[in-house]
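Here are some notes for a colleague who is meeting this structure for the first time. Please read them with the sequence and the model side by side.

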Amino acid sequence: FKDYVLRFVARYVNDAVFVADVFSMLAPRDAGSPSLATARSERAERRRAHPALATLVEAVGRSIKLYNALLQTVRTHFVNAGGDPVCGTVRSDLLAALQAAHLAVIYNEDPCTPFRDLLSACVDAGAVSDEHIVEFKLLFRSVPKGSPLLGDVAMMLGDPLVVSLLARCSCEEVKAAMMEEQLPKESRRIRYLTTLLATGLGHREGALADHR
């Protein structure tokens, strides 16, 4: 099974159109361009229609055991690809595809679902509010120390769209602090945003302790 699904995971990650689609979301938007929320919605529709993703969802069916085997394959590909950030997009897209397929029996059982929903809400809003940060902290506090779930969350935080959002929000906060003649390191928001960013960029163990 793992060999079978690996072919489609690799096909999805290495799809040139898929990669271009992800990174096109990071480009500056002209005045006449669709809003980021509209662009994300259109992208989500294209992703759900991707044959490789549809095949993965069909292969899993309603089996938690097969779904866990698929996730292990995604993790292995992530490691073998040197931490390819697009794997974070795949991890989130799988959950979105399961939700669209009304496979609640799996979607609701995946402990990454609350994190994926929160990250999606932040990207859709184009901001990380104080309320979002409180939700992040509550979610991380619910995860046992050393849990493998943290690795999956770090993978999703490495999604290029999430990294771009966290980097932009961090820069805006630093600029605001400087305008107020404050030291950025004294801002809890900046420390938390940059901790999330560092986690997504691969500094997992050193950064995760600060999430709590």
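1. Residues 24 or more positions apart account for 69% of the contacts in the protein chain with a separation of 6 or more, a contact being heavy atoms within 4.5 Å. This is a predicted model, in which local features need pLDDT of at least 70 and side-chain atom pairs count only at pLDDT 80 or more, while totals for chains, interfaces and linings use all residues. Residues are numbered from 1 along each chain as its sequence is written, and side-chain values use heavy atoms, with hydrogens and water left out.

2. The protein chain holds 13 helices and zero strands, where helices (H or I, at least four residues) and strands (E, at least two) are DSSP runs numbered from the N terminus. Of its 212 residues, 45% are buried, that is, under 20% relative accessible area with a 1.4 Å probe, protein chains only.

3. Helix α12, residues 188-200, has 13 residues and spans 18 Å from its first C-alpha to its last, close to the 18 Å expected, the expected span being 1.5 Å times one less than the number of residues. Its buried residues include Ile 190, Leu 193 and Leu 197.

4. Thr 73 sits in helix α5, residues 64-80, and counts as buried because its relative accessibility is 5%. Its side chain reaches the backbone oxygen of Ala 69 at 3.0 Å. Leaving aside residues up to four places away in sequence, Thr 73 touches Lys 2, Val 5 and Leu 6.

Technical notes: Buried means under 20% relative accessible area, exposed over 50%, partly exposed in between (1.4 Å probe, protein chains only). A polar contact is a pair of N or O atoms within 3.5 Å; within protein, one must be able to donate a hydrogen and the other to accept it, and residues adjacent in sequence count only if both atoms are side-chain atoms.
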